[in-house]
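Please keep the sequence and the view side by side while reading.

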Amino acid sequence: MAGRPWGLVKNKVRKDYPSVQLTAWKFWPIVGWINYQYMPLQFRVLFHSFVASCWCLDAEIGEV
């Protein structure tokens, strides 16, 4: 995590992980449902990758 000391990283993960995991459990099933219900087959991987990229960008922006 950006060259930070291991103790700081471990504490951050311990503090943030439960809320991140709970949010993921709420968010990704909806994304999967939209993907399989509404996306044409040829766009499913692209859609999922796009949403995953936005998820990661949001995590990076939130960390600043």
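## Terms and overall form

Helices here are DSSP runs of H or I with at least four residues, and they are numbered from the N terminus. The model is predicted, and its protein chain holds 2 helices and 0 strands. The radius of gyration of the chain is 15 Å, well over the 11 Å that the globule rule gives for 64 residues, so the chain is more spread out than a compact globule. Taken along the principal axes, the box that its C-alpha atoms fill is roughly 45 × 20 × 15 Å.

## Surface, burial and charge

Of the 64 residues in the protein chain, 11% are buried. The chain exposes about 5,500 Å², and 69% of this area is supplied by carbon and sulfur atoms.

## Helix 1 and its bend

Helix 1 covers residues 6-38 and bends by about 45° at Asp16, with a proline, Pro18, following within four residues. Within helix 1, the residues Val9, Ala24, Val31, Gly32 and Asn35 are buried. Ile34 also lies in helix 1, but this residue counts as partly exposed because its relative accessible area is 29%, which falls between the 20% limit for buried and the 50% limit for exposed.

## The salt bridges around Asp16

Which residues are linked in a network of salt bridges? The network joins Lys12, Lys15 and Asp16, and the count for the model comes to 2 salt bridges. In one of them Lys12 pairs with Asp16, where the closest N and O atoms are 2.6 Å apart; in another, Asp16 pairs with Lys15, and there the closest N and O atoms are 3.4 Å apart.

An α-helix has 3.6 residues a turn, so residues three or four places apart point the same way. As for accessibility, Lys12 counts as partly exposed at 26%, whereas Lys15 counts as exposed at 61%.

## Helix 2 and distances along the chain

Helix 2 spans residues 44-63 and includes Leu57. Is Leu57 buried or exposed? Leu57 is exposed, because its relative accessible area is 53% and the limit for that class is over 50%.

Leu57 and Asn35 are 22 residues apart in sequence and 20 Å apart in space. Ile34 and Arg44 are 10 residues apart in sequence, with 9.6 Å between them in space.

How values were computed
Residues numbered from 1 in each chain as written. Predicted model: local features only at pLDDT ≥ 70, side-chain atom pairs only at ≥ 80, totals over all residues. Heavy atoms only, no water. Rg over C-alpha atoms; globule rule 2.2 N^0.38 Å. Buried < 20%, exposed > 50% of the residue type's maximum accessible area, 1.4 Å probe, protein only. Areas by Shrake-Rupley, 256 points an atom, 1.4 Å probe, with all protein chains shown as cover. Bend = angle between axes of the 7 residues up to and from the residue. Salt bridge = Lys/Arg side-chain N within 4 Å of Asp/Glu carboxyl O.
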